[in-house]
Amino acid sequence: MQLEKVYEPQRFEAHWAKWWEESSLFAADPSKPGEAFSIAIPPPNVTGSLHFGHMLEHTLMDMNVRWNRMSGKNVLWTPGMDHAGIATQMVVERDLAKQNISRHDLGRVEFEKKVWEWKEQSGGRIEEQMRQIGDSVDWTRSRFTMDEGLSRAVREIFVRLYERDLIYRGQYMVNWCPRCNTALSDLEVNHEDTAGSLWHVRYPVVGSDEFLVVATTRPETMLGDTAVAINAADERYVHLHGKTVRLPLVGREIPIILDDMADPEFGTGVVKVTPAHDPNDFEAGKRHNLPHVKVINEAGAMTAEAGAYAGLDRFEARKKVLGDLKEAGLLEKLTPHNLPISMCQRCRTIVEPLVSTQWFVKMKPLAAPAIAAVEDGSIQFIPANFANTYFEWMNNIRDWCISRQLWWGHRIPAWHCATCGKATVARVEPTVCAHCGSASIEQDTDVLDTWFSSGLWPFSTLGWPDKTADLDRYYPTSLLITGYDIIFFWVARMIFMGIECTGKIPFHKVYIHGLVRDAQRQKMSKTKENVIDPLVMTAKYGTDATRMSLLLGAPPGTDIIFTEDRMESSRAFANKIWNAARFLFLNMERAGVEAWVPAEQESYLPEPVNGVVTLEDRWIFSRLNACATQMNKALNSYRFHDAAQIVWTFFWREFCDWYVEMKKLKFEEGSGLNAHWRNILTVFESALRLLHPAMPFLTEELWQRLAAGHGRKASIAISVYPQPNGAADDEEAEQQMAQLQEIISSARNLRADAKLDPKEPLDAAIYAAGPVARLAEQQREAIERLANVKLTVSAADAVRTTGPMRSTPEFDLVLAVSAAQLGALKGRLEKEIVDLNKVIVSSERQLSNEDFLKKAPEKVLEGMRAKLADYHAQREKSLKALASLAGA
């Protein structure tokens, strides 16, 4: 049973991760009893690797899953990966480019084979990392969004929505990425405020010497203008109603239209209308039946319609257009103007609004029941305020562009007929057109938006559209844990897809966690070079310590500040438990106690020692019960950070710091398995179970050493989670123990404040009445051994001996020291106070110097202020210690 002297988690973490999987401990079985608990894992991209956001998310999920499993529920946690259309295609295309091969050189079929090969060889790294961090998923059910079953589910819902007229194909203004060469949904576009310019251009009014001045941020698009708009109520331009202007540089005559999009209060009140290159202008074009003149193509270059600028890159064209306008005397002025630039989320290329033929989902009919499900409480957001974020988007939702001009993904199940021009949408590949019977049909070349298949994840992974035992048992899922950054991308889509496909909500609760930020509170990103690989941290501190540090800093919805200080603390906590276990195991050998644990129960009561239950046993079982009560309450309400702090406090501050210290006074060599040992091992084993969901590797390692082969289940992971038991509550024992702790702590603190050698035995006197005096007498051995004193208990009104003293409302405690020690102590404290006064005066002088404050970096100033606060605290302590010696 001996433990290695040093806690080195790398020695056993990989072993237990592999053993859990090989033992099928986490395999779900719908036929088994127990309330169902299921959770949908946010499927990571096949191209991805673990970052700290993942580590936080997976730690929260795993803690909840392990707790539910240990609480007797029939748990399913399905792992898997997302095919990540754009991201994966880009990775494979980059690999091919290194060999001077493009996807077009290979053709679609061969390129898709290359992507599948890449997926098998290089994809899925994150699944191995999930094993490393202890995810207790059912690996036998691992899914991929393009596996056969999920692909069938995608086709089924596409056809159903099409048959209900909720999917349509049409021309619409889309966000187009010239780099990725595909349409993007609104959610795949980032908007960044950028300092730009507003160019004021003169448009000559036909048949007069007058100009209309139009302000634009994109002068290159004016080549595609098909109108200028004024407001009908704008009195400045009443005389121009029905007139036309001549488009600068092009010479095309275009109408002046009346439209409310022109605001008389903004600028000149005149707006250029370019229906082919602006969403608002596209709508205005429909209202006024304006033609579309496309002057920028899908590659971001100017088209033949741009005339002399054809073939130029759009930004090169802008420079040339501005130069030509200036030369023609048509550029009136330039003013600075901040504007939001739309960028592709994936590659950060500036997005081009283009009119394109795409597939769309009608969102209003799908959004209505999804909004109602949250409004009526069927789905609850935690924290509740994130429901407002959900409502804001859902209430203003636009039709969803679901087609992407890619080769990797779920190909749209529509076949276009060369004969009649209509499309056949089908679940299985047709041989002829459903409309005219022609065999000249070809499948649509576009693929579906990745989020279309991801939106089916909670139920497609359970076998939908078939009626399966898994779907019946585990759907709706119990909980979703995810970040606030994908409420729109994924959460909302799962809700409306789930209701549409199954008639049921996809999950009951949505727990929203925050982002992990660096010590300066900045979001971690590659561009800021502040990304930290969590596996570097797990290698340095251990997986359990990394998990615990994340849990401690993770209130719901609140961003987490990453610091290595918290990692150090969590590592120290793990080390404390390891050392406590090692101490117990060594003393068990000396006592002749074999590995032993009690029969598995949800709770326990202390066993009497010689007919009497000791104070420390009554107290620790009461505290164990309080910990079990609080842990279950915290986990049931998703207060993961509270749960982590509760079990930390119990294990370190109560079990290790006090109970073990008191119990070791009663260890006897060769005693055998007596009541003292049965009590301490019962509490230790229960504490390991309480801690297991947060720190699975350490607890499994210690539990196996303690409980293996003693009639218990194969793993702590499937043992029973401790539950509250009112019979264990003992308020009297808790009050008495608190008093005893105060007595011992007072003696220790007096010694420390007086800078007396902790190893030197001292005489001590306690002056108290009634219960406190009786307690001191009863617990004399504990006080003397733990405070390293020889104790005298005297009446509260007895004359005090001289020496350092600590007074409380219940007792006075005095340490007896020799005259020589007392003199040396006074001298040392007086010198210390003088030295501290000098340092404080010097520091305060510096921090009040205006020149110094202006020149010194803020970090330096922060450090100096912190040190000054420490100096003040040290001086206060020394003054109190000196005051306690007055008259001595």
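Tutor: Buried means under 20% relative accessible area, exposed means over 50%, and partly exposed lies in between. Keep in mind that this model is predicted.

Student: Why is aspartate 559 called partly exposed?

Tutor: Its relative accessible area is 23%. Buried needs a value under 20%, and exposed needs one over 50%. Aspartate 559 therefore falls in between, as partly exposed.

Student: What makes aspartate 559 and arginine 517 a salt bridge?

Tutor: The closest N and O atoms of aspartate 559 and arginine 517 are 2.6 Å apart. The cut-off is within 4 Å, so the pair counts.

Student: Where in the chain do the two partners, aspartate 559 and arginine 517, sit?

Tutor: Aspartate 559 is in the loop between helix H17 (543-552) and strand S25 (560-561). Arginine 517 belongs to strand S24 (residues 516-517). They are 42 residues apart, and the pair links distant parts of the chain.

Student: How many salt bridges does the rule give?

Tutor: The count is 62.

Student: How do you know that glutamate 4 and arginine 705 form a salt bridge?

Tutor: Their side chains meet at 3.1 Å, N to O. Glutamate 4 lies in the segment before helix H1 (13-22), and arginine 705 lies in helix H22 (residues 696-707). The two are 701 residues apart.

Student: Why does arginine 705 count as partly exposed?

Tutor: Its relative accessibility is 21%. Buried would need under 20%, so arginine 705 is partly exposed. Glutamate 4, at 33%, is partly exposed too.

Student: Which salt bridge does arginine 11 form?

Tutor: Arginine 11 pairs with glutamate 4, with the closest N and O atoms 2.9 Å apart. Arginine 11 has a relative accessible area of 37%, which means it is partly exposed.

Student: What joins Glu4, Glu8, Arg11, Glu701 and Arg705 into one network?

Tutor: Salt bridges that share partners join them.

Student: Which residues in H10 and H15 meet?

Tutor: From H10 come Leu366, Pro369, Ala370, Ala373 and Val374. From H15 come Ile495, Phe496, Ile499 and Glu500. The residues of this contact divide into eight nonpolar, no polar and one charged.

Methods
Residues are numbered from 1 along each chain as its sequence is written. This is a predicted model: local features need pLDDT of at least 70, side-chain atom pairs count only at pLDDT 80 or more; totals for chains, interfaces and linings use all residues. Side-chain values use heavy atoms; hydrogens and water are left out. Buried means under 20% relative accessible area, exposed over 50%, partly exposed in between (1.4 Å probe, protein chains only). Helices (H or I, at least four residues) and strands (E, at least two) are DSSP runs, numbered from the N terminus. Contact means heavy atoms within 4.5 Å. Ala, Val, Leu, Ile, Met, Phe, Trp, Tyr, Cys and Pro count as nonpolar, Asp, Glu, Lys and Arg as charged, and the others, Gly among them, as polar.
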